[in-house]
Amino acid sequence: MEVFLIKKFYEGLDRGEKGKFLLWLQATLEISQSTAITRINSDGWRNVERDAVMTGIDNGTWKQ
């Protein structure tokens, strides 16, 4: 898996979509916004978190 794939995805979103994605991350992983942003920027995901985020990106559940 490519390093910083989630970060590249996040950076490619428009402003409104970034907010929606962050809210989805917070609700799905039960983390704060600052933790979500830190993990996006540092690629500091736990394996189970990375799997959940990649699944949500792949199947589009983060948009719902």
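## Overall fold

In this predicted model, residues 24 or more positions apart account for 52% of the contacts in the chain with a separation of 6 or more. The chain has 4 helices and 0 strands, and from the N terminus on its elements run α-α-α-α. The radius of gyration is 10 Å, close to the 11 Å that the globule rule gives for 64 residues, so the chain is as compact as a globular protein of that length.

Taken along the principal axes, the box filled by the C-alpha atoms is roughly 25 × 20 × 20 Å. Of the 64 residues, 34% count as buried.

## Nonpolar core

The largest nonpolar core has 16 residues, and those with the most contacts inside it are Ile6, Phe21, Leu25, Ile40, Trp45 and Val53. Two or more residues are given to this core by each of α1, α2, α3 and α4. The largest share, 5 residues, comes from α2.

Leu25 is one of the residues with the most contacts inside the core. Leaving aside neighbours within four places in sequence, Leu25 is in contact with Glu30, Ile31, Ala36, Ile40, Trp45 and Val53. Among these partners, Ile40, Trp45 and Val53 also belong to the group with the most contacts inside the core.

## Helix α4

Helix α4 covers residues 47-59. At 1.5 Å a residue, its 13 residues should span 18 Å, and its end C-alpha atoms are 18 Å apart, which agrees. Following α4 is Gly60, whose phi is positive, near 80°.

The buried residues of α4 are Glu49, Arg50, Val53, Met54, Gly56 and Ile57. They cover an arc of only 160° around the axis, which puts them on the same side of α4. An α-helix has 3.6 residues a turn, so residues three or four places apart point the same way. What covers the buried residues of α4 includes α1 (5-11), α2 (15-29) and α3 (33-42). The face turned away from the buried side carries the exposed residues Asn47, Val48 and Asp58.

## Glu49

Glu49 lies in helix α4. With a relative accessible area of 5%, Glu49 is buried, because the cut-off for burial is under 20%.

The side chains of Glu49 and Arg39 are joined by a polar contact of 2.6 Å. Not counting residues up to four places away in sequence, Glu49 touches Leu29, Ile31 and Arg39. Ile31 is also in contact with Leu25.

Definitions and conventions. Residues are numbered from 1 along each chain as its sequence is written. This is a predicted model: local features need pLDDT of at least 70, side-chain atom pairs count only at pLDDT 80 or more; totals for chains, interfaces and linings use all residues. Side-chain values use heavy atoms; hydrogens and water are left out. The expected span of a helix is 1.5 Å times one less than its number of residues. Buried means under 20% relative accessible area, exposed over 50%, partly exposed in between (1.4 Å probe, protein chains only). The arc is that of the directions from the helix axis to the C-beta atoms. Contact means heavy atoms within 4.5 Å. A polar contact is a pair of N or O atoms within 3.5 Å; within protein, one must be able to donate a hydrogen and the other to accept it, and residues adjacent in sequence count only if both atoms are side-chain atoms. A nonpolar core is a set of buried Ala, Val, Leu, Ile, Met, Phe, Trp, Tyr and Cys residues joined through side-chain atoms within 4.5 Å. The radius of gyration is taken over C-alpha atoms; the globule rule is 2.2 Å times the number of residues to the power 0.38.
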